[in-house]
Amino acid sequence: MGIADNAKNKAEDLKGQAKEKVGSATGNSDLESEGQVDQAVAAVKDHLTNAADKVKDGVEAVKDKLTGK
């Protein structure tokens with residue numbers, strides 16, 4: 001998790017935005033929908049990455065308390 005995952009998620013979101021705009025501009029509703037799906041998938045991945053990071057931080061905090069660090 002972390003910066004690399006966040007970058008991948010952002011790239012997927014931007015790709016989805018581009019597909020949606022091109023699909024809208026060309027009247028291609030399939031491409032527009034595909035772009036919207038790409039954006040939704042990127043958003044879910046981003047939320048999962050953030051949740052995993054918070055869990056990891058919580059585990060580290062408990063470990064530090066238990067070891068006295």
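The chat below walks through a predicted model of one protein chain.

Student: What should I keep in mind about numbering and confidence here?
Tutor: Residues are numbered from 1 along each chain as its sequence is written, and side-chain values use heavy atoms, with hydrogens and water left out. Because this is a predicted model, local features need pLDDT of at least 70 and side-chain atom pairs count only at pLDDT 80 or more, while totals for chains, interfaces and linings use all residues.

Student: How many helices and strands are there?
Tutor: The protein chain has two helices and zero strands, where helices (H or I, at least four residues) and strands (E, at least two) are DSSP runs numbered from the N terminus. Helix H1 covers residues 3–26, and helix H2 covers residues 29–67.

Student: And what are the dimensions of the C-alpha trace along its principal axes?
Tutor: The trace spans about 60 × 15 × 10 Å. Its radius of gyration is 18 Å, whereas a compact globule of 69 residues would have one near 11 Å; the radius is taken over C-alpha atoms, and the globule rule is 2.2 Å times the number of residues to the power 0.38.

Student: Switching topic, how many salt bridges does a search of the whole structure find?
Tutor: The search finds five, a salt bridge being a side-chain nitrogen of Lys or Arg within 4 Å of a carboxyl oxygen of Asp or Glu. One of them joins Lys45 and Glu12, with the closest N and O atoms 3.3 Å apart. Lys45 lies in helix H2 and Glu12 in helix H1, so this pair ties together parts that are 33 residues apart in sequence.

Student: Is Glu12 buried or exposed?
Tutor: Glu12 counts as buried at 17% relative accessibility, whereas Lys45 is partly exposed at 39%. Buried means under 20% relative accessible area, exposed over 50%, and partly exposed in between (1.4 Å probe, protein chains only).

Student: Which residues are linked with Lys19 in a network of salt bridges?
Tutor: Glu34 and Asp38 are linked with Lys19 in that network. In the salt bridge between Lys19 and Glu34, the closest N and O atoms are 2.5 Å apart; this pair links distant parts of the chain, with Lys19 in helix H1 and Glu34 in helix H2, 15 residues apart.

Student: What about a salt bridge for Lys63?
Tutor: Lys63 forms one with Glu60, the closest N and O atoms being 3.7 Å apart, and both residues lie in helix H2, three residues apart, about one turn of the helix.
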